[in-house]
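The following dialogue shows how some features of a protein model may be read. Please keep the sequence and the structure in view throughout.

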Amino acid sequence: MTHGNTAAVRLEEPGLLDRILTLELVRVTERTAVAAARLRGRGDEIAADRVAVDAMHRELSRLPICGTVVIGEGERDANERLWLGETVGSAHGPKVDIAVVPLEGTTICAKNLPNSISLLAVAEAGSLLKTPDVYMEKIAIGPGFPEGLVDLDRSPAENLTALAAAKGVPVAEITACILDRPRHARLIEEVRATGAAIRLIGDGDVAGVIHTTEPTETGVDIYMGSGGAPEGILAAAALRCIGGQMQGRLMLDRPDKLARARELGIVDPRRVYRLEDMARGDVLFAATGVTDGSLLQGVKFGRNQIVTHTVVMRASTGTVRWIRARHMQVDKFGV
């Protein structure tokens with residue numbers, strides 16, 4: 001990915017989401033990432049997640065929005081902050097959907113391993129798919145290909161062959177990004193049987209999906225496999241801003257999951273959701289690195305300053321900004 005501040009792809013356009021809100025979201029993910037980073041390598045996943053959730057909740061409450069959490073920390077009875085359906089913001093401003101993953105990679109943050117990030121997406125009310133906290137089958141590629149080039153209902157070999165043909169290269173030159181999980185053993189075997197390469201990642205599948213948009217820089221051509229549905233919606237929000245294709249299908253393999261899905265209005269448990277089904281309209285996406293990774297650098301603590309690295313995007317303008325910020329008032333980031 002290209003780092004440093006980048007210019008807008010096209011001129012800013014008016015819309016429901018004020019452009020000023022873009023930088024406000026950066027402040028939210030920055031402060032959330034800093035809170036979590038203070039617990040890097042401490043071995044306490046629960047504590048790291050808790051401080052991230054608390055920090056994000058606190059910062060969202062200050063935004064000039066009337067926001068509803070549609071992707072968050074789960075049910076209200078089990079969570080004090082950022083539960084599904086919670087209203088956040090000052091209540092003065094546009095009505096918006098909020099999707100959050102305050103700390104993607106709680107385990108890797110606790111172990112101080114690569115690719116832990118803080119994530120947030122905002123869209124016009126009713127624009128983000130509401131899903132239960134279940135796994136989602138996912139497949140994603142970058143922009144510039146015919147619609148429907150890859151499909152969840154096709155075999156890995158068929159998808160890899162189609163992508164290779166569209167790129168004009170042999171399958172052996174394609175690299176698939178897959179979460180390193182036991183449940184993916186068969187998928188990994190099938191991909192390797194085609195001759196394609198695999199980049200296994202320990203966590204951070206939102207970054208994995210985003211990497212497909214710039215394969216010449218990241219070395220990732222396609223994302224395959226299953227991961228969290230909340231992360232799937234965040235990844236879709238990012239692709240709405242920067243382009244690409246993605247499909248997702250919820251893995252509703254238990255009666256309780258089916259029941260919860262129905263409560264959220266999901267009537268077809270086998271439906272394949274396309275990018276526009278998961279994130280519509282104008283979308284803002286922000287992510288700040290907690291630990292160093294392939295997408296973002298982690299928080300750096302100095303004696304008199306804190307340095308953060310953030311990417312922020314907007315769908316209506318195609319703008320992508322990489323922001324490296326130096327925060328001189330260290331006390332402002334206390335937790």
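**Reading the annotated site and the domains**

Q: Which residues does UniProt list for "binding site"?

A: The unreviewed UniProt entry lists E104, G105, T106, Y135, R181, P182, R183, D203, G204, D205 and G228 under "binding site". From this set, D203 and G204 belong to the lining of the largest cavity. UniProt positions follow the numbering used here, feature names are shortened, and annotations may be inferred rather than shown by experiment. A cavity is a set of points, on a 1 Å grid over the protein atoms alone, where a 1.4 Å probe fits but cannot get out; lining residues have an atom within 4 Å of a point.

Q: On what basis are such values given?

A: This is a predicted model, in which local features need pLDDT of at least 70 and side-chain atom pairs count only at pLDDT 80 or more, while totals for chains, interfaces and linings use all residues. Residues are numbered from 1 along each chain as its sequence is written, and side-chain values use heavy atoms, with hydrogens and water left out.

Q: Where does D203 lie, and what is it in contact with?

A: Helices (H or I, at least four residues) and strands (E, at least two) are DSSP runs numbered from the N terminus. D203 is in the loop between strand 7 (197-201) and helix 6 (205-211). Contact means heavy atoms within 4.5 Å; leaving aside neighbours within four places in sequence, D203 is in contact with G105, I108, L179 and R181.

Q: Is G228 buried or exposed?

A: Buried means under 20% relative accessible area, exposed over 50%, and partly exposed in between (1.4 Å probe, protein chains only). G228 counts as buried because its relative accessibility is 16%, whereas D203, at 22%, counts as partly exposed. G228 is placed in strand 8 (residues 222-228) and, not counting residues up to four places away in sequence, touches V134, Y135, M136, K138 and D205.

Q: How is the protein chain divided into domains?

A: Domain bounds come from an automatic or database domain assignment. Here domain 1 comprises 19-127 + 283-333, and domain 2 comprises 135-278. Their contact takes 23 residues from domain 1 and 18 residues from domain 2.

Q: How many salt bridges are counted between domain 1 and domain 2?

A: A salt bridge is a side-chain nitrogen of Lys or Arg within 4 Å of a carboxyl oxygen of Asp or Glu. The count between domain 1 and domain 2 is zero.

Methods:
1 Å grid on protein atoms, 1.4 Å probe; cavity = no way out; pocket = protein on both sides within 12 Å on 5 of 7 lines; lining within 4 Å.
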